[in-house]
Amino acid sequence: MANRSVRRSAIAAVISTAVLTAGVLAQAGVVVAQSDDPLERVRENGLYVAFVGENPWSYLAPDGTFTGAEAEMVKECAATLGIEELYPVNVQFDGLLPGLAARRYDMIAAGMSLRPARLEVAIGSQLLYRYGTRIVGKAGDPLLQELTSWTAVGESGIPVAMIRGSTEITDTEPFGVEVVEYPDNPTELADLLAGRIQLMAWNDNYYSSFVAENPDVPIEAVAGWDYEGVVSLPGHYFHPDDVALRDAFNDCYSELKTNGRMAEILTEFGFNPDTIPPPGPGFPPGSPEG
């Protein structure tokens, strides 16, 4: 397999993994080798990291570099832990946890919230930061001036495009929001611009990054939005048998919080560093607020 390895001397700064690498790994269904010591396993065999390919979380830049806020956290901690090779594995969001259970990769770093149902099948790191989700539509659509909360959206009866498997789907149920599920944001956007849907649920960080890179795309987010508690609480997921690996990364994330490096990374990618909670332990099953 034509993988390009990442060596420790460079891993903290950049990962030059070809776009083909992630695609081949996902399609081939790579099964991660198992051992009694999961940290030693990834030191010997490399760390396989699942991502969805969304800027600003974890994605492949045009030159093949694995980057994004969560990718950079993983890369820095991998270097600290003596992991010399890192392989990003591109996966659709709703396939992340099944792939982890099937041992196709070692961890998930994809802006995925820590939730009880997910923690029944995987173990999570500590909470890393927070962000909110609001409605996005075509620029100039008068609806964007009227629908300023999830309650208003639910009462309107207008369907909202959301990513399949995302927490926004369940979090907006109490508001009566009608959902149309999509595999990814680009597919949502294509249907919005074609007039097949009118509203999308995009989180603030993805929206900000997208419009900065694509200023001519005619979309607009609702201003003065009331989140009504619909927020994402991201952490990183590991296989239940890999407690030692989770704990090693979790200790590193605590250090990144303490020394200010996590705030620097989040700021670089447009996240609000003020949403970083204090350092803490990894979450056991069913305790996302622990």
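Colleague: At what angle do helix H3 and H11 pack, and how far apart are their axes?

Modeller: Helix H3 (residues 38-45) packs on H11 at about 80°, and the axes are 7 Å apart. The axes are lines fitted to C-alpha atoms over the stretch in contact, with angles from 0 to 180 degrees between N-to-C directions. Helices here are DSSP runs (H or I, at least four residues), numbered from the N terminus. This is a predicted model, in which local features need pLDDT of at least 70 and side-chain atom pairs count only at pLDDT 80 or more, while totals for chains, interfaces and linings use all residues. Residues are numbered from 1 along each chain as its sequence is written, and side-chain values use heavy atoms, with hydrogens and water left out.

Colleague: Why is H3 called roughly perpendicular to H11?

Modeller: The term covers angles of 65 to 115 degrees. The angle is about 80°, so H3 counts as roughly perpendicular to H11.

Colleague: Which residues of H3 and H11 meet?

Modeller: Pro-38, Leu-39, Arg-41 and Val-42 in H3 meet Ala-244, Leu-245 and Ala-248 in H11; contact means heavy atoms within 4.5 Å. By class, these residues are six nonpolar, no polar and one charged. Nonpolar means Ala, Val, Leu, Ile, Met, Phe, Trp, Tyr, Cys and Pro, charged means Asp, Glu, Lys and Arg, and the others, Gly among them, are polar.

Colleague: What makes H4 roughly perpendicular to H11?

Modeller: The axes of helix H4 (residues 69-80) and helix H11 (residues 243-258) come within 10 Å and cross at roughly 110°. That angle makes H4 roughly perpendicular to H11.

Colleague: Which residues form the contact of H4 with H11?

Modeller: From H4 they are Met-73, Val-74, Glu-76, Cys-77, Ala-78 and Thr-80, and from H11 Phe-249, Cys-252, Tyr-253 and Leu-256. They divide into eight nonpolar, one polar and one charged.

Colleague: Why is Thr-151 called partly exposed?

Modeller: Buried means under 20% relative accessible area and exposed over 50%, with partly exposed in between (1.4 Å probe, protein chains only). Thr-151 has 29%, so the residue is partly exposed. Thr-151 is found in helix H7 (residues 150-156).

Colleague: What does Thr-151 touch, leaving out residues up to four places away in sequence?

Modeller: Thr-151 touches Phe-175 and Glu-228. Glu-228 is 77 residues from Thr-151 along the chain, with 8.3 Å between their C-alpha atoms.

Colleague: How much of the protein chain counts as buried?

Modeller: Of its 290 residues, 55% do.

Note on methods: Helix = DSSP H or I, 4+ residues; strand = E, 2+ residues; numbered from the N terminus. Parallel < 35°, antiparallel > 145°, perpendicular 65-115°, else oblique.
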